[in-house]
Amino acid sequence: MDETVAEFIKRTILKIPMIEMMTVLKAWDFLSENQLQTVNFRKRKESLAQDLVLLCEENGVSLNDAALLDIIYTQFHRHQRVWDVFQMAKEPGEDIDLSDMEQFKSSFKKILQRALKNALTIASKHHQIVKMDLRSRYLDSLKAIVFKQYNQNFETHNSATPLQERRLGLDINMDSRIIHENRIEKDRVQRVTQEIFGDYSQPRLEFAQYKLETKFKSDLNGGILAEREEPLRCLVKFSSPHLLEALKSLAPAGIADAPLSPLLTCIPSKGMNYFKIKDK
């Protein structure tokens, strides 16, 4: 067995938590049940990894097999990585058909030895793959945004009480006209929020980043910044364990006016959480 392959397998095994070791190895399905039964999983991890590498060598493990083990480990721990989204495009006039997934998998496997980008391009019969301005740790949410499949359940952050429910109660002695106006405004905010975000849970993103390159604008005449020819450059980043749900909660909680800025609400529709804002 090639030393590079052996080291690759060893490093992957050392990354796997012991409590998940058997589950991951069975999902890999490279070592037989009998082989796994001969392994002492109570050993120190370094020694265990060496034993598993020797068994892999007996089975004639290849680089593709080792890569598959790493992919399976990644699937188990996919939230620990930030994933990029790429858009595939065909030549003008060509139909886009991804319905035959088995054919795609077969084609992709045959040309896996090539660079990953080229393999995807050829196997999916597209002529171009372009990186999108969309990243997250949550693959299901990325898929929902890209394919406009919002009406489903997504993981939510740990919060005992939704933000929109954390409101101060109305004073029982408050003027009835004020209470009426508050209810009208509350209903308006809820309606506007639902029109923008829908009545379903939002895809999970942890941040949105805005890179600004704009000239200083002011109603006041003069000033150092007003005379500046070069655009002002700054980076604004909004972060939250569940950003879109947090944005959805702002207006109902009375923290922001409704509707929110389109720069915040357009994230799912544009399929972006990286923005560059420049003067027209």
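I took a cavity to be a set of points, on a 1 Å grid over the protein atoms alone, where a 1.4 Å probe fits but cannot get out. A volume is the space filled by probe spheres set on the points, which are joined across faces, edges and corners.

**Entry 1. Model and conventions.** I worked on a predicted model, in which local features need pLDDT of at least 70 and side-chain atom pairs count only at pLDDT 80 or more, while totals for chains, interfaces and linings use all residues. I numbered residues from 1 along each chain as its sequence is written, and side-chain values use heavy atoms, with hydrogens and water left out.

**Entry 2. Cavity.** I searched the whole structure and found one cavity of 30 Å³ or more. The largest cavity holds about 40 Å³ of space. I listed its lining residues (those with an atom within 4 Å of a point): Val-192, Thr-193, Ile-196, Phe-197, Leu-247, Lys-248, Ala-251, Ala-258, Pro-259 and Leu-260. By class, the lining has eight nonpolar, one polar and one charged residues; here Ala, Val, Leu, Ile, Met, Phe, Trp, Tyr, Cys and Pro count as nonpolar, Asp, Glu, Lys and Arg as charged, and the others, Gly among them, as polar. Helices α9 (176–197) and α10 (243–250) each supply at least two residues of this lining, and α9 gives the most, with four. Helices (H or I, at least four residues) and strands (E, at least two) are DSSP runs, numbered from the N terminus.

**Entry 3. Cis peptide.** I noted that the peptide bond from Ala-258 to Pro-259 is cis, with omega near 0 degrees.

**Entry 4. Aromatic pairs.** I paired rings of Phe, Tyr and Trp (its six-membered ring) if their centres lie within 6.5 Å, with planes under 30 degrees apart called stacked, over 60 edge-to-face and the rest tilted. The count comes to four aromatic pairs. Phe-207 and Tyr-274 are edge-to-face, because their ring centres are 5.7 Å apart and their planes are at 90 degrees. This pair links strand β3 (residues 207–214), which holds Phe-207, to strand β5 (residues 274–278), which holds Tyr-274, across 67 residues. Tyr-210 and Phe-275 form a stacked pair, 4.9 Å centre to centre with 5 degrees between the planes. They too link distant parts of the chain, Tyr-210 in β3 and Phe-275 in β5, 65 residues apart.

I then checked accessibility, where buried means under 20% relative accessible area, exposed over 50% and partly exposed in between (1.4 Å probe, protein chains only). Phe-207 is buried at 10%, Tyr-210 is buried at 4%, and Phe-275 is buried at 8%. Tyr-210, Phe-238 and Phe-275 form one aromatic cluster. The charged end of Lys-237 sits over the ring of Phe-207, 4.8 Å from its centre (NZ of Lys or CZ of Arg within 6 Å of the ring centre and within 35 degrees of the ring normal).

**Entry 5. Nonpolar core.** I defined a nonpolar core as a set of buried Ala, Val, Leu, Ile, Met, Phe, Trp, Tyr and Cys residues joined through side-chain atoms within 4.5 Å. The largest has 24 residues, and those with the most contacts inside it are Ile-9, Trp-28, Leu-31 and Leu-52. Two or more residues each come from α1 (3–15), α2 (21–28), α4 (45–58) and α5 (63–76), and α4 gives the largest share, six residues.

Terms used
1 Å grid on protein atoms, 1.4 Å probe; cavity = no way out; pocket = protein on both sides within 12 Å on 5 of 7 lines; lining within 4 Å.
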